[in-house]
Structures are given as C-alpha cells and as structure tokens.
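My notes follow the display.

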Amino acid sequence: LAQDGMFILIALIDEKTGKLKKSPDLISRGFVYLKENQELLREVRIMIKKSIENKTQNNSMIDFDNIKNDLGENISKFLYQKTGKRPLVIPVILSV
C-alpha cells in the first residue's frame, strides 16, 4: 500500500435495469495523479461499465459480491499492465 497506493471506484447501479446511473467515480491515493492520467481513467471507466453490464445482463437478481470481486480483479490486472504498479483496488457498488 505504501509503494503502490490505492484505487477506489464507486459505481451506482440501477437495481431494475442493472445499468450504471452515472459515470463511476474514481479516487486515487498514492497511485497516480488523476489530472495527468485522464486517458487511463477513461479506459478504466469503460471497463467498469462493460463489466457491470455483462454481469447484470439477463439477471433478475443482481449479485453485488460477484460484481465487486470481478471488478477488483479485472481493474487490478489492467492497472498493473498499464502502470507496472499494483494498487489496492477497492470497488464500492451502490444500488438505487
């Protein structure tokens, strides 16, 4: 954590449709400076949207734990590929 920092993503999902209500919020502490890495953040937002929509598609019940685990793994791998750092990825999924 001291070397690679942490990366928090906050996604708000509509329970009825399974879609994101708005673009996910991303918070970085000790990982990358957000203002200098807009392209990386754009790619992460796209990954989050696709991952959530794939997991909630055709499901009457949304499994939030499964979505969190999947997002944590996928985003962590992606960030390592792009930056060579392994930040602690904390997905926060909220439903409305």
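**Notes on a helix pair**

I started at Ser51, which is found in helix α1; helices (H or I, at least four residues) and strands (E, at least two) are DSSP runs, numbered from the N terminus. The model is predicted: local features need pLDDT of at least 70, side-chain atom pairs count only at pLDDT 80 or more, and totals for chains, interfaces and linings use all residues. Residues are numbered from 1 along each chain as its sequence is written, and side-chain values use heavy atoms, with hydrogens and water left out.

Is Ser51 buried or exposed? I found 10% relative accessibility, so Ser51 counts as buried (under 20% relative accessible area; exposed is over 50%, partly exposed in between; 1.4 Å probe, protein chains only). Leaving aside neighbours within four places in sequence, Ser51 is in contact (heavy atoms within 4.5 Å) with Asp70, Leu71 and Asn74.

I then looked up how α1 and α2 pack: the angle is about 150 degrees and the axes are 10 Å apart. Axes are lines fitted to C-alpha atoms, for helices over the stretch in contact, and angles run from 0 to 180 degrees between N-to-C directions. The two helices, α1 and α2, are therefore roughly antiparallel (over 145 degrees). Contact residues include Ser51 and Ile52 of α1, and Asn74 and Ile75 of α2.

Last, I checked the largest nonpolar core, which has 21 residues; such a core is a set of buried Ala, Val, Leu, Ile, Met, Phe, Trp, Tyr and Cys residues joined through side-chain atoms within 4.5 Å. Each of β1 (6–13), α1 (38–56), α2 (64–83) and β3 (88–95) supplies at least two of its residues.

Technical notes:
Angles under 35 degrees count as roughly parallel, over 145 as roughly antiparallel, 65 to 115 as roughly perpendicular and the rest as oblique.
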